[in-house]
Each structure stands twice: as C-alpha cells, then as structure tokens.
Amino acid sequence: MTTAEATARGEAQAVRACWSCRGPVPARERFCPTCGLVQEPVAGDHFARLDLEPRFDIDATDVERRYFALQRQFHPDRFAARSAKEKALSLRHATALNEAYKVLKDPLGRAEHLLSLAGRPVRADGAETVSDPELLMEAMELRERLSEAAAAAAVDALLAETRANSAALERKLGHAFAAGDFAAAQKLALRLRYAAKLIDEARERRRRFDR
Amino acid sequence: MAYSEKLIDHYENPRNVGSLDKGDTSVGTGLVGAPACGDVMKLQIKVGADGIIEDAKFKTFGCGSAIASSSLVTEWVKGKTIDEAEKIKNTEIAQHLALPPVKIHCSVLAEDAIKAAIADFRTKRDGKA
C-alpha cells in the first residue's frame, strides 16, 4: 500500500461523533453502535462504501452481492416510520451505493477511481490535455478507420479488435496496480479510456448499419 | 441545452476539414486529446516563408463543441502570423461560440492544438536550418 493510499484509508478509519447521541462512530460504520441510528455515508471512497479493499482485481459476483445486501439495508421501506433526518441519510446511502457500484463494476471506472484515491487522477477537471503522440496517433487512425467503414462487417472487426485490446489493457492494469506502479497504471487507464470511447462510437455506428 | 447559432453553424458546416501533408516542412501538425472523454483533435497549419499561415485544416473526432472549436480556430488563424496565432486564447473561442460551462474544455483543446501545431512547425523549421 502506498503512502497516499494509506492516508486515504487512515482518514476513512477516523472516529466521528453520532449526530444524534454524540457517541463515537468509527467512520466506516453506517449505524451508530450506541443508539443504532443511521449515519452520514463515507465520503469519496467507493471501495469503503462496499467494504472492499482498494484494488483493481475484484470478484464481480462478490461486489454485486455486497451491493444488493447493503442496498436492502437502506431500502426506503425500512425508513418509512423514521425521522426526516434518518430518511435523508438513508437516501444518501442508497445514492452513494449506486454510485460506488456503477463506478467499481466498470474496469475503467475502477482504474480511474483507484488513481484518484492515490492522488494521481487521470484527468484534472477534464481540462487537462493529452499529448501522448503514440496514443493519439493510434486513436486518430482507429477513429478514421471507423468513420470510413463501409459495411457492418468492418465495424464488427474493429469492435472485436478493440474489445481484445481492452481486455489486454485490463490485465496489464491489474499487474500495474498490484505492483503499486501508478505511473504505468495512469498511462494504461488513459488507453482504456480511448478504447472505451472507440467501442461506444463503433456500437453507435453499428446501430446505424442495422437500421 | 440551447447552443448558439455560431456553434451550430460550425458544427453543421465545419470549415477546413481535412489533412495537409505531414512530411512537408512548411506544415505544422498538432495532435491533442481530452482525457475526460477520449476525444482526439488534429490541427494542421501551412506556413509561408513570411511566417504567415496560408492554410489550416483540422480533423476532430469528438463532440459538437470540439468540432466547432477546431473549425473556428482554422478560420481564425488563416492570414495570421504564427506569433499572432499563438496568442489565441481558449476564452475567446468559448466566448465566440458561447460554449456552455461543461464544454469549456473543448476550447482549451483547440487552443492547445494550435499551439502544438505551431511548436511542431518551429521544430521542423529550426531543425532544417
């Protein structure tokens, strides 16, 4: 675990005071151990929201199981007879869980989230410009190939290639994160972002052929 | 969201789409991308012996605002010296096209693209000398 990660985890483990009884609540607890009332959700860390360790290689079935189990705890029916404050907090938990699940089940989302937890975000407010010439030239060529594709079969071939490329990038991301090599992970995540965009565009173009 | 007429015009009738010969020493190529969306923008300039930009072309795979921003920049830089073209600010692009706040990064991309094209041209020119 890197320093940045350790710090992020350390913050998540701090103790706060229950908004209702003022008793101590470890930051990751969703309910006050003293009075049992629902607390603020953990800020920022999607892994913590699902009680997961921050890592790239995850078991998708396990993540899904955790998500549904937690989501049941915050179902509106359970809070129907509760105070407005508790209703609002439970809703924030439900929203935070949805967001965490959405981000973590997607490999690109997971990679970008891990990088931002490590203090190395892929993008700074979307305003940063990529200038990796190799990546950009490749992206330009592939997008040109897509725009020139005359038949559905050509789009399918490009889709198959890009999906294989994404799978290879995901494997490499797993190794980079496991080795704590965030610089490599950053580059790989950016490549995965471009591959994801190409897949989106190719699917859109494929739909137009089908019409 | 309501987009401005100028933006829609540049998006629907983009100016100067295409490519210039990358190998030509009077051509500078700027290739930039947006990490947030996976877009890619290529902007090329052809510079005369007097330092004036004679021609400009672009190819952008991205959203309408990115296409309009790069189209506008190719129009603006033609007839300017490279020193003048280098001074184009993303805020001018954003203002002219009335880009909504979430699309400001598209104008940043266009500014970075023209700067990269000029830098590439200078490298080529100075390398040649």
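1. A quick word on terms to begin: a residue is called buried when its relative accessible area is under 20%, exposed when over 50%, and partly exposed in between (1.4 Å probe, protein chains only). This is a predicted model, where local features need pLDDT of at least 70, side-chain atom pairs count only at pLDDT 80 or more, and totals for chains, interfaces and linings use all residues. Residues are numbered from 1 along each chain as its sequence is written, and side-chain values use heavy atoms, without hydrogens and water.

2. Have a look at α6 of chain A, residues 133-148. Its buried residues include Leu135(A), Leu136(A), Arg143(A) and Glu144(A). Their cover includes α7 (152-178) and α8 (182-210) of chain A, along with β1 (27-34), β2 (39-47) and β3 (53-61) of chain B.

3. On to the interface: chain B brings 20 residues and chain A 19 residues to the contact (heavy atoms within 4.5 Å). Leu31(B), Pro35(B) and Phe61(B) supply 38% of the area that chain B buries against chain A, more than any other three residues; buried area here is the accessible area (1.4 Å probe) lost by two parts on being put together, summed over both. Between the two chains it comes to about 1600 Å², with 64% from carbon and sulfur atoms.

4. Two salt bridges are counted between the chains, each a side-chain nitrogen of Lys or Arg within 4 Å of a carboxyl oxygen of Asp or Glu. Lys59(B) pairs with Glu144(A) in a salt bridge at 3.0 Å, N to O, and Glu144(A) is buried in α6(A).

Notes. Chains are lettered from A and ligands numbered from 1 in the order in which they are written. Helices (H or I, at least four residues) and strands (E, at least two) are DSSP runs, numbered from the N terminus. The expected span of a helix is 1.5 Å times one less than its number of residues.
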